[in-house]
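Keep the 3D view open as you read.

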Amino acid sequence: MPETILVTGATGNVGSELVRALSNRDVHVRAGVHSVIKGDRLRHLNPDVQLVELDFERPETLTVAFTGVDRVFLVTPFTDTQVQMGQQLIDAAKAARVKQVVRLSVMGAEAEPGIQLGRWHREVERYLAQSGLPYAILRPNSFLQNFINYQGESIRQQGAIYQPLGEGRISYIDVFDIAEVAAAILTDDIPKHHGRAYALTGPQALSTQEVAAAIGQAAGRPVQYVDVPEETARQAMQGAPQWMIDSMMELHALGRAGHAAGITPDVERLTGRRPRTVQEFAQENRAAFLPA
Ligand SMILES: NC(=O)c1ccc[n+]([C@@H]2O[C@H](COP(=O)([O-])OP(=O)(O)OC[C@H]3O[C@@H](n4cnc5c(N)ncnc54)[C@H](OP(=O)(O)O)[C@@H]3O)[C@@H](O)[C@H]2O)c1
């Protein structure tokens, strides 16, 4: 009988790609969504998907969402309560006796002392390891989709990317590849991956200038990279919570210093395909970079 896989954060970057990636596998996909209406678009990615209400801040929804689940993909959003959310989800997975948890973490979560974002993820990783549940951890580098979600507007309106990244190179990954890895693990032998942490990167380490050039080429108009001082980047985030601004600046400092440039073979090993290049990403998402 096909297994039931619960995808949390199913309307997000990685979750929605995973709902799609699981559509051609012999599994039942249950998508945990804030509201069933909001999750409705997932049906275009996977017509057989089952939508279930899941709000990490309403524990009663966890019990229902986890009932009858065999495996779970565990995503928490970028908030300062992500550790509590992650722990609560792991408790729910344990109570439901799921067979496997695949956790979305971040590259460098194991680094000591590391940065705030990594420490939060590490705390959840440790909680998961101590839960006694079979598990695997995905530690991806920065998503190429950030150029749509965070820089998309300035690319479309001004043909410019403003980032405090200097000439630092980053081995950005397309969320498509993270989802393909997750789908492969969630449909594979559980013991093979138990306790493993996979560092997931794209095939190239790119400067922001090179990303801008690839996006410009796909969009058919020049896109310029503007290297801004950290202070300017902080001001541009004014209004956001202080922890978020500080976390982003820590992340940028790592990238600027070249500490996010490592390339790993894990995507290809786990999926049998090389990860997408920035050129493929830019071409595929060309419409997101064109002026309205
Ligand atoms: N961006 C990067 O470059 C990067 C790199 C490495 C690791 N990561 C990690 O990736 C994770 C985020 O993944 P993502 O980008 O796929 O997520 P995302 O696009 O930010 O989406 C977050 C998902 O969580 C859902 N959600 C938010 N609050 C919720 C709540 N209270 N209850 C239930 N669901 C809730 C959202 O639903 P709604 O849409 O309905 O709110 C959405 O489906 C973070 O842990 C981050 O640290 C990110």
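**Around the ligand**

Sorted by class, the shell around the ligand holds 11 nonpolar, 11 polar and two charged residues. Please keep in mind that you are looking at a predicted model. Which residues come nearest to the ligand? Of the 24 residues around the ligand, the nearest are Thr 11, Asn 13, Phe 56, His 121 and Asn 146.

His 34 takes part through its side chain, with an N or O atom 2.9 Å from an oxygen atom of the ligand. Thr 76 takes part through its backbone instead: a polar backbone atom of Thr 76 is 3.0 Å from a ligand oxygen atom. Phe 143 also uses its backbone, placing an N or O atom 2.9 Å from an oxygen atom of the ligand. How much of the ligand's accessible area does the protein cover? On its own the ligand has 930 Å² of accessible area, and the protein covers 82% of that.

Next, let's look at how some of the helices pack. Two packed helices are described by the angle between their axes and the distance between the axes. Start with helix α1, residues 13-21, and helix α8, residues 175-186: their axes are 8 Å apart and the packing angle is about 55°. The crossing of α1 and α8 is right-handed.

A second pair is formed by helix α4, residues 82-95, and helix α5, residues 116-130, which pack at about 15° with axes 9 Å apart. Since angles under 35 degrees count as roughly parallel, α4 is roughly parallel to α5. The crossing of α4 and α5 is right-handed too.

Finally, have a look at the backbone in two loops. Most residues other than glycine have a negative phi, and most peptide bonds are trans. Arg 97, in the loop between α4 and β5, has a positive phi, near 55°. In the loop between β5 (100-104) and α5 you will find Pro 113, which is joined to Glu 112 by a cis peptide bond with omega about -10°.

Conventions: Residues numbered from 1 in each chain as written. Predicted model: local features only at pLDDT ≥ 70, side-chain atom pairs only at ≥ 80, totals over all residues. Heavy atoms only, no water. Near = heavy atom within 4 Å. Polar contact = N/O pair within 3.5 Å; in protein donor to acceptor, adjacent residues only side chain to side chain. Areas by Shrake-Rupley, 256 points an atom, 1.4 Å probe, with all protein chains shown as cover. Nonpolar A, V, L, I, M, F, W, Y, C, P; charged D, E, K, R; others polar. Axes fitted to C-alpha atoms, helices over the stretch in contact; angles between N-to-C directions. Helix = DSSP H or I, 4+ residues; strand = E, 2+ residues; numbered from the N terminus. Left-handed = near helix turned anticlockwise from the far one by under 90°. Parallel < 35°, antiparallel > 145°, perpendicular 65-115°, else oblique.
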